[in-house]
Amino acid sequence: MKKIKDYPLEELKEELKSLGEKPFRAEQIYRWLYEEKVKSFDEMTNLSLSLREKLKQEYTMSNFNIIQKQESADGTKKYLFDVLDGNAIETVLMEYHHGKTICVSSQIGCKMGCKFCASTGIAFVRSLSAGEIVEQILAVEQDTGSRISNIVFMGIGEPLDNYDNVIKAIHILNHPKGLNIGARHISISTSGLVPKIYDLAKEKIPCTLSISLHATSNEKRSNMMPVNNVYPIEELIKACKDYIASTNRRISFEYALAKDNNDNLEDAKELVKLLKGMLCHVNLIPINKIEDGKFTKSTNENIMKFRDYLNDHGIVATIRRELGSDIDAACGQLRRKSLKK
Ligand code: SAH
């Protein structure tokens, strides 16, 4: 059955027209879904009974059930949601001084195979629909009774490998009649699917693009991220420059520091050369060691030296605060996918 939360407003208007209804009904439905946050068609009391019945026959609300909720000592919450088809996904809620940030999953499993990421240990099952992405935010808002101000596509999956649904979800999240979350408060993180970076530049959505760079030579990067064999660093940086030129938006480069791998000052020097003159920011992530992973965290001393080198050489760099690592909710630690076991 179709899912009512899968539709950006304009598409929902078309759906209603095809049911023989006036398009303004779509706006009424949007208000119930995203302002009132109701869980059933029966609660949409300004729609006629017959329309409610029609909607029930055509669409599901597909509300997620919470299977498990864990809370970290630092306040980070990790949710395991039942996505209603025998699969489960993880969503993380983090508290920052500037508001609540949700880290959403875009797929069940991931195809990218990054060597340092726990999501690599699970097989790819399928992409999430737009509504299933939006539902992660709705379900957390309902559970906590609070409003989410920022969204990062940094959970399980490669968002640009689920391009159309991610873009639709952003339209729903961003729309003033949807969840009304400013595009500037939404970040998409990618392992570097170059053709999709060119596509994203044309969307005219002022969200933040984060690039998981992690290394400055093709040899090192391919060793960490197989996607680099398909889209090597030169092509990735060229796409990033195009993105900056056409959107005038600053790119955030993510660089996970692994001991004796990519964390010495030679690497920092190469990174400065690579990014010099680009409108960008570097986010340094102390790598989280995963089970069987061959990459381990750099020392704090090295991490700070690396950051200082970048800052002293004209590249703005910050170290990402580690949140939720005690409940396996930190970067690269998400891995649950299946209820069947
Ligand atoms: N597929 C997307 C989004 C998911 S990963 C991407 O690759 O960007 C979100 C971020 O966490 C990425 O920058 C990823 O490289 C990083 N990450 C993955 N595993 C990690 C680990 N073990 N330690 C630190 N960061 C990690």
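## The cavity

A search of the whole structure finds 1 cavity of 30 Å³ or more. On a 1 Å grid over the protein atoms alone, a cavity is a set of points where a 1.4 Å probe fits but cannot get out, and lining residues have an atom within 4 Å of a point. Grid points are joined across faces, edges and corners, and a volume is the space filled by probe spheres set on the points. This is a predicted model, in which local features need pLDDT of at least 70 and side-chain atom pairs count only at pLDDT 80 or more, while totals for chains, interfaces and linings use all residues. Residues are numbered from 1 along each chain as its sequence is written, and side-chain values use heavy atoms, with hydrogens and water left out.

The largest cavity holds about 500 Å³ of space. Its lining has 32 residues, and those nearest the centre are Phe116, Cys117, Met154, Ser212 and Gly332. Two or more lining residues come from each of β10, β12 and β13. Helices (H or I, at least four residues) and strands (E, at least two) are DSSP runs, numbered from the N terminus. By class, the cavity lining has 16 nonpolar, 13 polar and 3 charged residues. Here Ala, Val, Leu, Ile, Met, Phe, Trp, Tyr, Cys and Pro count as nonpolar, Asp, Glu, Lys and Arg as charged, and the others, Gly among them, as polar.

## The pockets

A pocket is an open set of points with protein on both sides within 12 Å along at least five of seven lines. The largest pocket has a volume of about 790 Å³. It is lined by 35 residues, of which Tyr96, Val152, Met154, Asn283 and Arg320 are the closest to its centre. Strand β13 gives the largest share of this lining, 4 residues. The lining of the largest pocket divides into 16 nonpolar, 14 polar and 5 charged residues.

The second largest pocket has a volume of about 230 Å³. Among the residues that line it are Cys114, Lys115, Lys289, Glu291 and Arg335. Its lining has 4 nonpolar, 3 polar and 5 charged residues.

## Helices α6 and α9

The axes of α6 (residues 194-201) and α9 (residues 233-247) come within 9 Å and cross at roughly 5 degrees. Axes are lines fitted to C-alpha atoms, for helices over the stretch in contact, and angles run from 0 to 180 degrees between N-to-C directions. That makes α6 roughly parallel to α9, a term for angles under 35 degrees.

## Salt bridges

The structure has 27 salt bridges, each a side-chain nitrogen of Lys or Arg within 4 Å of a carboxyl oxygen of Asp or Glu. One of them joins Glu27 to Lys177, with the closest N and O atoms 3.4 Å apart. Glu27 lies in helix α2 (residues 24-35) and Lys177 in the loop between α5 (163-174) and β10, so the pair ties together parts that are 150 residues apart in sequence.

Technical notes
Parallel < 35°, antiparallel > 145°, perpendicular 65-115°, else oblique.
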